Amino acid sequence: MIFHYIISPFIEPQVQRALAACLALSIGFAPVGIILIMRRMSLIGDSLSHAILPGTALGYVSAGAMSVGLMTLGGIITGLAVVFFSTLVTRNTSQKEDTSFASFYVISTAIGIILIRLKGGDEEVVHMLFGDAESIDNTTLLLVMAAVSLGLTVFAVIYRPLIIECFDPVFMRVSGARGGLYHHIFLALAVISLVAGFRALGTLMAMGLMLLPAASARFWVNNIGKILVISSAFATASSIGGLLISYHLHVPPGAAIVLVAAGFYLFSLGVGSNDSLRKRLLQPRHLRG
Amino acid sequence: MAYCRGRYYPYTALALGLSCMPIILKNLTVAYDGHPAIHHVNCSFEFGSLTAVTGPNGAGKSTLIKVLAGLMNYDGVIEMNGLEMADIGYLPQIHESDKSFAISVLDLAIMGYWKKVGAFRKISAAMLDDAKKTLETVGLSGFEGRAIGTLSAGQFQRALFARAMLQNAKLILLDEPFSAVDANTTADLLNIMHGWSAAGKTVIAVLHDMDQIRENFPETMLLARECVACGKTAEVLTNKNLAWAKDTMAENWDENSPVCEAAA
């Protein structure tokens with residue numbers, strides 16, 4: 001019984017590859033998701049996930065088939081372009097980051113929709129938006145692993161200045177440190193992570209695996225290091241659970257994984273040990289001091 | 001000890017490249033959209049001085065602090081003899097950082113080591129000890145592990161003072177540091193500022209409370225877009241000067257103000 005439902009699906013090589021990709025993404029997404037939440041940029045992350053669409057579409061159109069390399073490259077280029085133009089506007093005008101990101105991502109998405117329509121069919125659109133873990137081949141898996149390894153390494157290198165820049169950009173400016181540089185490196189990491197995730201999870205659902213575990217972890221601990229660990233654990237569990245559901249019920253794996261992550265989120269929101277509903281509603285008797 | 005402008009300083013401080021007049025403003029103008037917030041200001045701040053910047057609302061006090069912190073463009077000259085960007089500590093009026101950010105009080109304080117450790121060097125056990133002692137000095141002993149979100153406004157200000165101390169800033173700029181702080185905390189923080197000045201750090205603070213300025217700040221700069229007066233507090237805060245500052249600022253905002261003809 002347990003073997004049939006939980007172990008046996010992972011004997012199939014196709015599911016094994018999907019699992020490997022999702023586990024890598026679970027760990028690689030954690031730092032990006034946490035910084036997005038800490039900097040109150042969750043929706044900017046969401047706009048990035050749309051921003052990579054036209055690039056992947058362009059890669060698809062020019063290759064004529066689902067060419068992983070070209071689509072990945074295209075996604076990274078358009079994602080970085082949206083980051084570049086948005087920060088250019090934010091730095092040089094009084095418009096805030098959320099407005100400029102929203103402006104450029106809708107432009108990007110509109111271009112993407114037209115490109116896909118010009119060339120492709122509905123099935124490709126669905127796979128691009130919602131992912132297709134079944135079709136992960138060794139090349140894709142290698143790309144995912146490489147992107148995640150690169151992302152984690154860079155994150156470890158810029159960890160200290162990035163955290164300070166997120167918390168207090170004015171301090172970094174007055175100290176003469178190039179805080180903006182770290183912010184841009186981070187945004188580039190976010191783009192690369194999302195592009196790494198789009199094949200397995202889809203451009204839209206990748207965001208879910210990035211943000212939901214981080215938001216859930218926030219309901220348990222109040223320290224970035226611990227949030228990282230708990231967030232990765234939630235994401236890992238969501239990936240395994242979601243893939244099993246997807247396998248047995250024949251639903252898209254990206255959505256299944258995000259829904260499991262949503263379960264963890266609601267659970268954490270309810271009974272977490274840090275600022276959850278339980279903590280708000282059932283306050284213990286106050287202490288003497 | 002070296003003698004400079006009525007005060008004695010350790011030779012080491014001068015040898016480090018600190019002249020006894022670290023900051024000189026010459027004909028400084030800072031404008032928002034063409035309208036000057038600071039207009040042709042000349043003034044100087046001596047090494048180790050404790051200066052209050054005061055004046056009516058809209059007089060350009062915060063703008064002056066920001067421009068000294070290197071956060072704004074300006075016309076004119078700012079001479080910061082021997083001071084680098086990293087030597088400046090800046091405590092803004094409203095700290096825009098997110099108080100729910102998941103870091104501890106100790107984490108916040110040791111950001112002051114940025115200049116020393118940068119992105120990669122280790123923060124040693126001795127440095128952590130120093131940080132804890134500094135937190136004690138500012139009255140936050142036992143708060144090291146607390147999340148910053150749990151601090152009151154006064155405690156948060158104390159933590160920012162600790163960070164400025166660990167930063168070992170030679171010029172400390174404070175924009176209304178006591179606006180959300182009770183009398184007890186204010187007294188503690190004023191004490192710390194006196195200590196900074198005695199240690200040869202230059203302290204410039206925007207303040208509104210005239211009695212507090214007269215009691216604690218030997219030097220004062222009275223701003224009303226232009227510099228009304230700058231120097232010994234008793235000579236600056238005269239009724240005549242204060243009335244002048246008030247009248248100057250009471251002039252109405254002129255949307256179509258002509259171009260200023262004074263020498264740039």
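Me: Is helix H6 (residues 153-166) of chain B mostly covered or mostly open, and how many of its 14 residues are buried?
Reply: In this predicted model, local features need pLDDT of at least 70 and side-chain atom pairs count only at pLDDT 80 or more, while totals for chains, interfaces and linings use all residues. Residues are numbered from 1 along each chain as its sequence is written, and chains are lettered from A and ligands numbered from 1 in the order in which they are written. A residue is buried if 20 or more other C-beta atoms lie within 10 Å of its own, exposed if 12 or fewer, and partly exposed in between, with C-beta atoms placed from the backbone. By that rule H6(B) is mostly covered, and the number of buried residues is eleven.

Me: What covers the buried residues of H6(B)?
Reply: Helices (H or I, at least four residues) and strands (E, at least two) are DSSP runs, numbered from the N terminus. The buried residues of H6(B) include Phe156(B), Leu160(B) and Met165(B). Their cover includes strand S7 (88-91), helix H3 (105-110), helix H5 (125-137), strand S8 (171-175) and helix H7 (183-198) of chain B.

Me: How far does H6(B) reach from its first C-alpha to its last?
Reply: The expected span of a helix is 1.5 Å times one less than its number of residues. H6(B) has 14 residues, for which 20 Å is expected, and its reach is close to that: 20 Å.

Me: Which strands pair with strand S10 (residues 219-224) of chain B?
Reply: Two strands pair if DSSP finds at least two bridges between them. Strand S5 (residues 50-54) of chain B runs parallel to S10(B) over four bridges, and Val53(B) has Met221(B) as its bridge partner. Strand S11 (residues 226-232) of chain B is antiparallel to S10(B), with six bridges, and Leu223(B) is partnered by Cys227(B). The partners are S5(B) and S11(B).

Me: Which residue in the turn between S10(B) and S11(B) has a positive phi?
Reply: S10(B) and S11(B) form a hairpin with one residue between them. The phi in the turn is about 70°, and the residue is Arg225(B).

Me: Which residues of S10(B) point the other way from Glu219(B), Met221(B) and Leu223(B)?
Reply: In a regular strand the side chains alternate between the two faces of the sheet. Six of the six residues of S10(B) are buried. Those pointing the other way are Thr220(B), Leu222(B) and Ala224(B).

Me: Why does Ile76(A) count as buried?
Reply: Ile76(A) lies in helix H5 (residues 68-92) of chain A. Two residues are in contact if their C-beta atoms, placed from the backbone, lie within 7 Å. Leaving aside neighbours within four places in sequence, Ile76(A) is in contact with Gly55(A), Val191(A), Ile192(A) and Val195(A). Ile76(A) counts as buried because its C-beta neighbours inside 10 Å number 21.

Me: Which element gives the most to the side of domain 1 of chain B that touches domain 2 of chain B?
Reply: Domain bounds come from an automatic or database domain assignment, which here gives domain 1 (2-83 + 170-250) and domain 2 (99-167) of chain B. Their C-alpha centres lie 26 Å apart. Nine residues of domain 1 are in contact with eight residues of domain 2. With four residues, the element that gives the most to the domain 1 side is H7(B).
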